[in-house]
Amino acid sequence: MNNLLLSTENHIATITINRPKKLNALNFETLMELKQAFEQMSADDEVRGVIITGAGDKSFVAGADISELAGLSVEQSRAKSQEIHELFFTIENFHKPVIAAVNGFALGGGCELAMACHMRVASENAKFGQPEVNLGIIPGYGGTQRLPKLVGKGKAIELMITGDMVDAEEALDLGLVNHVVARVDLMEKCKEILAKAAQKGPIAVANTIKATNACHDHTKKGYELEAQLFSACTHTEDFKEGTQAFLEKRPAKFKGR
Ligand code: COA
């Protein structure tokens, strides 16, 4: 794989998103590799739990790759959003526990990926946010659906319309992460949780995840609306301005068109 490092030790698989120069931004190739990785791990009885993390010390995942998003038509952006929804449903419904080891920025698609995992453990330097509004778009990989479930509707809307980031301690207070630990202890903490679960009956663990997921509304209506509204935003002048401004490293000037 070009963008992922995969390893398995003591029944725990680690997926490291490995594009540190781009702060591990999710380009489409990386997302398809993630899909392949989950297919492989699903069939592998040796694997009892999964950790997803980012390469380097600065970033878990700094979002969808903005340079790719900028080139999409409305139809393509809707199809992509739906495709990534399916991938993230696969992670959310995976029958073995999945932890996001958040080692820095978890922004946009990065925060959405972390929220699709069953649990999140953050290092002290982690920062979470849904800054899509800075680009003139909305979260398109499930953020509008999962963030309110984790932190409540009011805080979720505040975070999504301001684009503000929260640090690891605030994420802990909000219930966005399970634990905050020193960077050096991050992988160990995730392994400790998964090692405990790996000693339990795999069917009981899988059924716990399945039953717990069922406590949320599993109709896909909200996700479908998100994909539609995300792609509608990509048709605006504001989106062109927002992405251009990011790539040119200048503030965006939005006009509401
Ligand atoms: N997509 C594509 N490239 C990205 C990216 C993204 N989401 N996030 C960061 N990068 C790239 C930058 O363009 C830069 O590339 P370059 O060195 O070729 O110019 C490199 O990663 C390093 O990022 P940089 O912005 O220089 O680091 P920073 O420390 O100054 O800022 C962030 C870090 C995370 C605050 C900033 O990169 C950022 O705001 N990223 C976008 C976050 C976002 O909007 N995500 C949602 C996308 S839908």
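Which residue stands opposite V98 in β5? That residue is V50. Keep in mind throughout that this is a predicted model.

Let me stay with β5 for a moment. The strand covers residues 98-102, and five of its five residues are buried. Both of its faces are covered: V98, A100 and V102 lie on one side, I99 and A101 on the other. As for its partners, strand β3, residues 49-54, runs parallel to β5 and is joined to it by four bridges. Strand β7, residues 119-123, also runs parallel to β5, again with four bridges. Within β7, M119 is the bridge partner of I99.

Now the nonpolar cores. The largest one has 56 residues, and the members that touch the most others are F38, I52 and F128. Helix α1, residues 28-43, contributes the most to this core, with six residues. Take I52 and set aside its neighbours within four places in sequence: its contacts include V98, I99, A100 and A101, residues that are buried in β5. I52 also contacts I15, I17, F38, F60, L113 and C117. There is a second, separate core of 10 residues, and among its members are A101, M119, L186 and L194.

Next, a sheet. Four strands form an open sheet with mixed pairing, in the order β4-β6-β8-β9. At the edges are β4, residues 59-61, and β9, residues 165-167, each pairing on one side only. From one strand to the next, the twist averages 20°. Two bridges pair β4 with β6, residues 105-107, in the parallel sense. Here V61 stands opposite A106.

Last, helix α10, residues 221-233. Its 13 residues reach 18 Å from the first C-alpha to the last, close to the 18 Å expected at 1.5 Å a residue. Which residues of α10 are buried? They are Y223, E226, A227, F230, S231 and C233. Viewed down the axis of α10, these buried residues fall within an arc of 150°, so they line one face of the helix. What do the buried residues of α10 pack against? They pack against four helices: α2 (66-69), α3 (74-92), α5 (143-151) and α11 (237-247).

Definitions and conventions:
Residues numbered from 1 in each chain as written. Predicted model: local features only at pLDDT ≥ 70, side-chain atom pairs only at ≥ 80, totals over all residues. Heavy atoms only, no water. Buried < 20%, exposed > 50% of the residue type's maximum accessible area, 1.4 Å probe, protein only. Pairing = 2+ DSSP bridges. Core = buried A, V, L, I, M, F, W, Y, C linked by side-chain atoms within 4.5 Å. Contact = heavy atoms within 4.5 Å. Expected span 1.5 Å × (residues − 1). Arc of directions from axis to C-beta. Axes fitted to C-alpha atoms, helices over the stretch in contact; angles between N-to-C directions.
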